[in-house]
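User: Hey, can you walk me through this protein? Please put it up first.

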Amino acid sequence: MTNAKPQLVKARLNKLLPTQITVGMAEVALKRQHWAKLGRKARTTALSDHWFPSIIGPEGRHYIVDHHHFGLALHQEGVKSVRLMILKDLSWLEPLHFWHVMDHHQWVHPYDSEGLRRDFSAIPHHLSGLQDDPYRSLAGELRSAGGYAKDVTPFSEFLWADFFRSRIAPATLQKNFGKALDQAMKLASTQQARYLPGWTGVVPPG
């Protein structure tokens, strides 16, 4: 028996709902800069090749479960529609049960800019409502710089962000991002970080 193919649909970008509270706005800005450099044909190709993984929730609304940074960047750049890959149709569930199922599958990350878990109601109803978490920007930049490997673990960058949150001063991150990145690079290879997804340090013998 063959597996059913995922459903692919087109949707209005301003109708999509996020499944997290924060993003790293510095990373969003970088994606906007990259987009601004693309020509019309390259933009069309990029949108055709990119599928946002999503869940159909109550009232038939689409919740994206990844690529929030790219989605917000496209929204800020005036893109009107994107393509979705439907992972699951949960539209028949009551809202409370819907969020419990989303949580069970790790399709939702209801943590604020201080790394504190919030009620599901704190998740914004539009991509434009996403808040900035500077430590998420740091984690994203560190991965781009080779500080750790890309990993399939859901919301892995947020795990790294929380690791740095208690180790790198907010003032350093705000006033000297380069210094904060250097600190993060050193911390990323320590034994304290070995539990994190994509860790590239060395386990000592014995």
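User: Is Trp-99 buried or exposed, and why?
Analyst: Trp-99 counts as buried because its relative accessibility is 14%. Buried means under 20% relative accessible area, exposed over 50%, and partly exposed in between, with a 1.4 Å probe and protein chains only. Keep in mind that this is a predicted model, where local features need pLDDT of at least 70, side-chain atom pairs count only at pLDDT 80 or more, and totals for chains, interfaces and linings use all residues. Residues are numbered from 1 along each chain as its sequence is written, and side-chain values use heavy atoms, leaving out hydrogens and water.

User: OK, where does Trp-99 sit?
Analyst: Trp-99 is in helix 4, residues 95–104. Helices (H or I, at least four residues) and strands (E, at least two) are DSSP runs, numbered from the N terminus.

User: And what does Trp-99 touch?
Analyst: Leaving aside residues up to four places away in sequence, Trp-99 touches Tyr-63, Val-108, Phe-120 and Ile-123. Touching here is a contact, with heavy atoms within 4.5 Å.

User: How far is Ser-121 from Trp-99 in space?
Analyst: They're 9.8 Å apart, C-alpha to C-alpha, and 22 residues apart in sequence.

User: New topic: how many helices and strands are there in the protein?
Analyst: Eight helices and six strands. From the N terminus, the order is β-β-α-α-β-β-α-β-α-β-α-α-α-α.

User: What share of the residues is buried?
Analyst: Buried residues make up 40% of the 206.

User: And what share of contacts joins residues at least 24 apart?
Analyst: That's 72%, among contacts between residues at least 6 apart in sequence.
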